[in-house]
Amino acid sequence: MDKAHHLHPWTNFGPFEEKGALVMSRGEGCWLWDAGGRRYFDAIGGMWCTNIGLGRREMAEAIADQVTRLAFSNTFVDTTNEPAALLAAKLASLAPGDLNRVHFTTSGSTAVDTAYRMVHYYQTAMGRPEKTQMIARDYSYHGSTYISQSVGKRPGDRVPFFRYQETGIHHLTAPNPYRAPEGMDEAAFCDWLVAEFGAKLAQIGPEKVGGFFAEPIQASGGVIVPPEGYLQRMAAICRQHDILFVADEVVTAFGRLGHWFASEAEFGIQPDMITCAKGLTSGYLPLGALIFSDRIWQAMAADGARWFTSGFTYSGHPVACAAALKNIEIIEREDLLGNATRVGALFEARMKALEALPMVGQVRGRKLMICVENVADKATRALLPEDLDVGTRIADTCEAMGLMVRPLGHLNVMSPPLTLTAEDVGMVGDTLERAIRQVADDLVREGVK
Ligand code: PMP
């Protein structure tokens, strides 16, 4: 039925036609069971999202309770519901600085779309209507609607017949020190990236640029951790030119890096807006949020003649908001931020040790957000031929061993639940190591390497 009727997101028609899909039936903590009863350790964390782990009865009860009480009420114009109001206040208390205002969306993509609109609204309200242009980075992923995907720019994502927003969005080099120009150390690369931003602004005219979109760590582009000081310097340039800094924390918020939000706590920046989703409900129900500053609210509200003509039927959905409140309560009560920090350090260290393997060029990331970059040649950092699909081969080998890791081209990415234990770290590390060795041996046998 799935093969006959279900078009999967981001699917690859050829292999899907051949193999169909793996049917998942049950989840508990970090573990998944397929319809055939086989068990897998989910080091992908759903899709960077199952932060508290699966199968929590308490979540089911909170959701059921809200469904029985009030399954739906819209939040348009001036109606609200208790979970939406409580969650907005909770997010304001957790978010850094004066990010005290919340607009609910249905997903990360729609949060990014709304941020894009809000940049235009704010800049116009401030008397700068010409500030329409946006800056983002190569290898970023901001979602799958037309606007969010146009802000993002991973190689291979774009097809010529889709009509992306072609004008008004400019992309800078991804701050990936592993792929810095030859001979440039991290500090020099950082200077180079900051200079590139300056040059781009000079070219467009800073008076025309309204917003800068950045994931603190670029997740789906390959867990790119920027050079020390990069985000702070980019934020300072934004401030200087009245450019709003939009931190896309769809992945990094709610504990993946051991903090509610990574912008300030991990990177020392104070964004003007934060987009989040995923860990907000740990995937129990769909929900996204755009958290923005009092300053932006006041500017928009001062222009009282105009409506905020944006939002969704399911913005502030009471059941999704009730799930988010319970999810946040669990993260607090079980000190999952502390666990992400402590066990995350072990995970980072165990994964880093994989760099000893001949095929592993680099292991990067922080805490519970890690990526293994497989290469043909460690010295030159040259990649294996694309059609070998080394990331998928390693992921498939892991899957046969009962471990889920995510393939992304030649990379393998992991973002396990925050409940990860030291014992899990050992098991995931050992299994992934075995899989990489096995694939490397197979490639040698096949005469590839
Ligand atoms: N921003 C980032 C940084 C993401 O990683 C994602 C999803 N992977 C999105 C936005 C889009 O979120 P969603 O899939 O919920 O629309």
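Domain bounds, as I use them here, come from an automatic or database domain assignment. I note at the outset that this is a predicted model, in which local features need pLDDT of at least 70 and side-chain atom pairs count only at pLDDT 80 or more, while totals for chains, interfaces and linings use all residues. Residues are numbered from 1 along each chain as its sequence is written.

**Entry 1, domains.** I looked up the division of the chain and found domain 1 (2–55 + 335–445) and domain 2 (58–333). The centres of the two, taken over C-alpha atoms, are 26 Å apart. Their contact takes 26 residues from domain 1 and 21 residues from domain 2, where two residues are in contact if their C-beta atoms, placed from the backbone, lie within 7 Å. On the side of domain 1 that touches domain 2, the elements that each supply at least two residues include helix H13 (336–352) and strand E11 (360–366); helices (H or I, at least four residues) and strands (E, at least two) are DSSP runs, numbered from the N terminus. H13 gives the largest share of that side, 5 residues.

**Entry 2, the sheet of 4 strands.** I traced an open sheet with the order E1-E2-E3-E13 and mixed pairing, two strands being paired if DSSP finds at least two bridges between them. Strand E1 (24–28) and strand E13 (403–404) are at the edges with a single partner strand each, so one side of each has no neighbour in the sheet. Inside the order, strand E2 (residues 31–34) and strand E3 (residues 39–42) are antiparallel and share 3 bridges, and I found Trp 33 bridged to Arg 39 in E3.

E4 runs antiparallel to strand E10 (residues 288–292), with 5 bridges between them, and His 103 stands opposite Leu 290 in E10.

Of the 15 residues around the ligand, I list Ser 107, Gly 108, Ser 109, Gly 143 and Val 250 as coming nearest, a residue being near if its C-beta atom, placed from the backbone, lies within 6 Å. Helix H6 (residues 108–125) gives the most to this shell, with 3 residues.
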